[in-house]
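Dear colleague,

Please find the sequence and structure below, handed over for your review.

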Amino acid sequence: MQKKKIALIISLFIIILTGSRILWLHVFNNTDQPHAEKGQLDLRNWDINDGHAVTLDGEWEFYPYKWLISEEQQLESSKNAKYIQVPKGWSSSLQEGEITPYGYGTYRLKLLVNPEDNITYSIRVPSVRSSSEIYVNGRRLAKSGQIGENAEKTVAKNIPITASFEANGHKEIDIIVQASNFKDPRNGGIVRSIKFGKEDILARETQLSINMQQLVAVVFLLHAIYSIILFFVGNMEERRLLYFSMLSISCMIYFLLGSDDKLLSYWFPISYDWAFKLVHLSMVGIGFSMLQCIKHWLPQHVRKYIRLFSIFCGIASLLTIVLSTRYIVINQGIYIIILGIPIVITILTVIRESIKEIKSNIFLLFAILAFGNNLIWDGLLLIFGIKVIMYPFDLVLTVACLAILWFKGYAKVHSETKELAIKLQKTDKLKDEFLANTSHELRNPLHGILNISKAVLERENQVLSDKSVKDLETVLSVGRRMSLMLNDLLDVMSLKENNPKLKLQTFSIHSIVSGVLDMLYVMNEGKQIQLVNQIPENFPKVVADENRAIQIVFNLLHNAVKYTNEGEVKISGHVKNGMAEIVISDTGIGIDEETIQRIFEPYEQGTLSKAMIEGGFGLGLSISKRLVELHGGTLQAISAVGKGSEFTFTLPISDSTDEQDATENVALLSSMKEDLTVVPSINTFDSQAENHSIIEANRPKILVVDDDPVNLRVIETILSIEKYDLVTVTSGSKALEKLMSQEWDLVISDVMMPNMSGYELVRTIRQQFSITELPVLLLTARSQSQDIKNGFLSGANDYVTKPVDALELRSRVKALTDVKQSAQERLRMEAAWLQAQIQPHFLFNTLNAIITLSDIDIERTSKLLEALSDFLRESFKFQNIDELVPIEDELNLVRSYLYIYKERFGERINVTWDLEVSTNVLIPSLIIQPLIENALKHGILPRENGGNIHIRIVDYDTYIEITVSDDGIGMDNATMERLLVRRSETTTGIGLLNTDLRLKQHYGKGLQIKSDLNQGTVISFVVLKKKEISKKFKPE
């Protein structure tokens, strides 16, 4: 059944091919047209408007070696005329008894037409070898090349000519074609049919013929282009794509130069010789590439001749370029063989392969059927002398079927590749999950082994023999190494699954390197290696994730130490192209050229015996390269076996000055401090109240050590709400000086510092103070077990990882100082209330503004001092938060507060008032100012251009409604819902939260908040009247 279906499809395809060709002949072939006899063609009975042009085939008058029209354009005598068949060459008619294509002569034909037909005629001459001039009624209409009586005077050019003219009432049209040929060794003269007809009809047929040829050319060109693209973007080993592209281009050139219209000669200035050579080169190209495309289908005993055929084609191509046109024509049979043999072999081979698996090769069979159909019909038309417009669809179908076959094959390969890729991805994911799970599962037992081994070593150190002690130390060393390997596995899994978010900050790379080198001294394991830090202290700061930067430096330095038995490992740095370039070099075993090409790939290691001894997964360099690239830098390596290695990575340099950084961070820290003051936490309220209201002589004294002033400010800000006396220093040496000057309760030290790292500082401290006498808390950017272990080995009591979590730091400081106590809810409320009124940064900024104005505007300075004085007086006037005060006093406080802010921020703040209320209405003290502060700091000031604040008080019979609105940045619903909810983990919202609580205590109803993101915020509340006086007032 399947075979019958396929046979039916093939039969239908053949019927369609044949039917289309017959239909084309029926439409465009004019079979009943008249023919010329004795140099005359009678067209008087021909319907010139029937939609077809006629061919001027038949007997023409021919005058060998004679011009009927001379250079003076005069018609000469036409005696001694011969009759010659057109289209046909003149080789046998030029000279009696001799056959030669070379010479010159004149063709003449008289057309008899109806004189009353007032129409415009056209004549199209497709090919006259090898130069010609066309005359009608004695007037030259066109020419191709330059005719002459010898080779020197003749310029060969053979391109189609179309010319139009009118009969002007004549009943006879005299057509003269003068031609000369001293170039083409083939038959000279008129070799193709000349067309004649009405101008628009002939133009339409000509354009249709050109369009068909262009269609074929475009099809061939497109397939050539996509074949080349598939070759270069796909499998470059699949050379059949190149051969198919060559076949398509060769066919395109052959049809564009070998057809009637010779379109390529119109588009490009191709000489007569090169047009002839290109046709024959394209024949060689078609034959050669066709065999190469089907070579894989040929039997093995036939393939050995393909190479010989290819050599033969190459020789033929070379001779085509070198030899003249005459010799090419003499050997034209060779080119026909080169083209014909591959065509026959291809047809037979394709039919054989199609029959084997006809279902999968059906389009291949269609292609060969269409191509064969084209050859058969071209042969029939040539034999029977039928002239018709070029039929392109057989060739288009041939190429289209081949393209479908190619696309089908590539679609199958793509589908299989996609499925394989999915399987590989799943397998790779399973492998990653397995490694990650294995790493997690191994960590616990490994840490158990390490902890037990260390405990046994410490407990039984005096009992065990030296060999047992050494064995246990070996177990610990191997365990630590294995722990690092597991950490690398987890890191590479994390980097592979997603891009970790970098916490960029500005820091000194010198400090990082000093800390890492100090860690490596502990892990050196007795190797005679000198670790050298050549990065200067004043090296420009970099912008990076400090934790990741430490990991990069540690991996590279540890790798250098690992593969260096003796000598030195040094790290240096310099600035290049706006980047910090850090170079780590060693005198170790080096890396060979083959290994260095893949050294940054995951799980790659050198093949030298040293690598095998050291072990590991080969992930450190891969992780480092990925982390460097996430920072926008590069990691490169150069090495030579036995001479050491050099690894270079780059990080971006901070483009802002230290002063600018300090200014920006002070502003940031001020904002942080504001946020910290509004934490709805019991501890926060208590500590803040104590900090600002009570000065105790015996508060814990804490010394904070960090080389970065910004980090010191962060710690100071976090701990400023606790009851501690803080002193900060920027180096280990200064810290030791301070330790000698007075007694301290706690030292907080960063690990990565220049000159003296945190580890070294702790070791120095432990030479004088025990762990109980002076606790030390280390701040480290790394939380790996090895880093923590190094800290405890140095003598630290505890550690906190950076970036510092405020709650964790305060908790650990409290645990170490043991001085923090809890307080009542009342004290927390009062602490938050006081903090909302007088904040250090507000006074600091106001005083700064006064100092600045004092030099430029005494009057404004005086008013600002007066406003500050009023503000402080009104603020300190209130002794009890439950006290009710006249609303006028509260508004005076608000006016002073707003005046100070307007002096600082100018036109960025615009305040409007809408007040109508009795002056003696009583309200809770300091109830409006927190709303104004919130509208300023969290509403309009975050906008670059500031905004508007509107204060509205509406007087009702029994209550007043107070509303503060702004057009600032607003907030979303989630933020509004959290704003008035007490949460121990948050550090925002205390000012509004306490105002809300106080209102509820007084009136049973708190703040009403409405806000839209980027639209602004409206906060209102209701105050019941306690006392009312009829006097009204307006703000100044």
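Strands β29 (residues 947–955) and β30 (residues 959–966) pair in the antiparallel sense over seven bridges, and three residues lie between them in a hairpin. Ile-953 has Ile-962 of β30 as its bridge partner. Strands here are DSSP runs of E with at least two residues, helices are runs of H or I with at least four, both numbered from the N terminus, and two strands pair if DSSP finds at least two bridges between them.

This is a predicted model, in which local features need pLDDT of at least 70, side-chain atom pairs count only at pLDDT 80 or more, and totals for chains, interfaces and linings use all residues. Residues are numbered from 1 along each chain as its sequence is written, and side-chain values use heavy atoms, with hydrogens and water left out.

On its other pairing, β30 is joined to β32 (residues 1016–1024) by eight bridges, again antiparallel; Ile-960 stands opposite Val-1023 there. Because six of its eight residues are buried, β30 is largely enclosed by the rest of the structure (buried means under 20% relative accessible area, with a 1.4 Å probe and protein chains only).

The open sheet has five strands in the order β27-β29-β30-β32-β31, with mixed pairing. β27 (909–915) and β31 (1008–1012) stand at the edges with a single partner strand each, so one side of each has no neighbour in the sheet.

β27 and β29 run parallel, joined by seven bridges, and Asn-910 has Asn-948 in β29 as its bridge partner.

Yours sincerely

Terms used. Buried < 20%, exposed > 50% of the residue type's maximum accessible area, 1.4 Å probe, protein only.
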